[in-house]
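Biologist: I am new to this structure. Please show me how to read a few of its features.

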Amino acid sequence: MSKQQTKPATPILEKTGGDWPPRWETLKNGIRVGRYIDKEFLELEYEKLWPKVWQVAARIDQIPEVNDFTTYDIGDQSVFLVRTDEDTVKAYHNVCPHRGTALTDGAGSFDHGNIICPFHGWRWNTEGENEYVLAREEFHDGNLCKSDVALKSLQCVIYGGFVFINFDPDCISFDEHIAPLRGLLDQLNLQEMRHYWWRKIPVEANWKVAQEAFFEAYHVPATHPQLETTAADFIYGESIENEYTNYAHHNVDYERFPNGHGRFFANPTKGSNYQGNIKNQSVNKNPVDMMADRLQLLVDGMDAQVLQPDVDLLRTLKEQPLPEGSSLGAEYIRVLYEDAAKNSRPMPSPEPEVLGMWGGLIYIFPNVLIFPQAGNAMIYRALPDTESPHRSTFEIFSTRSLPAAAPRERAEVIEVDDPFDPDQVYEIPRQDLGNLKRLQKGLRSKSMKQCWLAKENEKIIKGMHEELDKYVKD
């Protein structure tokens, strides 16, 4: 965090008499609902979190070529990122120092590396240096220096295929921020993940509600019954007299890290997996078909994380005898890595800890979620609404590593106007998004004072709020 200083009470806290309202508390066993529904808390986040935290402003493949730019807005602050050479990206406040005109909107490329204000034609190069002021002699008594009107830069770091920025010159270093996750993220080879598709979806829920929906596997049987059919049959069945014990989340481990980060992953030592939770499977059915059918649900339901070529490779094992001492899972990994090597396709490190993250979650505080699988990753980002605590923007990035000969496409966003249109959003995200509006509606109930959190299954949620408190209570 930045240096501790004695500060006067903020206007937001002055509204509460200078005290921290009980409705904003992070509790031992839950979260007070005011953190999700009070506009004052949203304003507090804009005042104290977003100006000081390392945050993902873009994926690097949004600006693949020199002079490409993209715009990032957070609240009322706007930044543009520009690739200045093959290895360097710079971030600038999106404002002309003359009259305040925003210099960029959306994404594009600066012709010849010239950044030109559309209002009066002032010009800068991509290093932020001013190169032209129309009628310069009229400004500052003719003594206007280039340095007076240079573009204002922000701290900017490329890591893992992301471009991180921080508005605060006195913030902790990026290395310190990411250190708890660096070893794991480096082995996942995320910097090699490339754009497949990217959707931006408006949701009627607070940004924290939106991302917390994915911090646990506890929701799967009720929200995604097709993925845990026998467990779903129990939950939605007529009787629950005899407790069902084969939930997939029983096999999941959760881990909190310093700086608010977290992860969950399937622990094979705990017993059964999702596959044993799919009904109507004959004991005589080929194991390859059973596993492929399970993965096909993810292909058809998300087209991210698991992709069709992965399932097609798995099915090639159907007529092959299983080598002595091996397993179907090990053989699947073998053919994936052999195919990748043949096509010069980068893959994650095949270390057991990395392989164990397939199908799990890595959470980068404050608002990025990564779901790795083989040479793919599904990435979520939740962004707050500028004005309302009851709205946010939810983004899904489907990424994959590519063979050496494959073309690299520039990432372009698909703007979704209806989150429940099957032609715009896949089934599994639609199911998740369907919960968010209900969650936000329920949080506004006068009978609702706090959310209860499961000690293990929802520990990442608790960790996120405790880290958030370090910013907003400062």
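Biologist: Is the crossing of α3 and α13 left-handed or right-handed?

Modeller: A crossing is left-handed if the near helix is turned anticlockwise from the far one by less than a right angle, and right-handed if clockwise. The crossing of α3 and α13 is left-handed. Helices (H or I, at least four residues) and strands (E, at least two) are DSSP runs, numbered from the N terminus. This is a predicted model, where local features need pLDDT of at least 70, side-chain atom pairs count only at pLDDT 80 or more, and totals for chains, interfaces and linings use all residues. Residues are numbered from 1 along each chain as its sequence is written, and side-chain values use heavy atoms, leaving out hydrogens and water.

Biologist: At what angle do α3 and α13 pack?

Modeller: Axes are lines fitted to C-alpha atoms, for helices over the stretch in contact, and angles run from 0 to 180 degrees between N-to-C directions. Helix α3 (residues 39–48) packs at about 70 degrees to helix α13 (residues 459–472), with the axes 9 Å apart. Angles under 35 degrees count as roughly parallel, over 145 as roughly antiparallel, 65 to 115 as roughly perpendicular and the rest as oblique. α3 and α13 are therefore roughly perpendicular to each other.

Biologist: Which residues make the contact?

Modeller: Contact means heavy atoms within 4.5 Å. From α3 come Phe41, Leu44, Glu45 and Lys48; from α13 come Leu468, Tyr471 and Val472.

Biologist: Where is serine 401, and is serine 401 buried or exposed?

Modeller: Serine 401 sits in the loop between β18 (392–400) and β19 (414–415). Buried means under 20% relative accessible area, exposed over 50%, partly exposed in between (1.4 Å probe, protein chains only). Serine 401 has a relative accessible area of 3%, so serine 401 is buried. The side chain of serine 401 reaches the backbone oxygen of proline 346 at 2.6 Å. Serine 401 also touches Gly375, among other residues.

Biologist: What about glycine 375?

Modeller: Glycine 375 lies in the loop between β16 (368–373) and β17 (376–384). Its relative accessibility is 0%, so glycine 375 counts as buried.

Biologist: Which side chain does the side chain of glutamine 424 meet in a polar contact?

Modeller: A polar contact is a pair of N or O atoms within 3.5 Å; within protein, one must be able to donate a hydrogen and the other to accept it, and residues adjacent in sequence count only if both atoms are side-chain atoms. The partner of glutamine 424 is the side chain of aspartate 417, at 2.9 Å. Glutamine 424 is in the loop between β19 and α12 (427–443).

Methods. Lists of a residue's contacts leave out its neighbours within four places in sequence.
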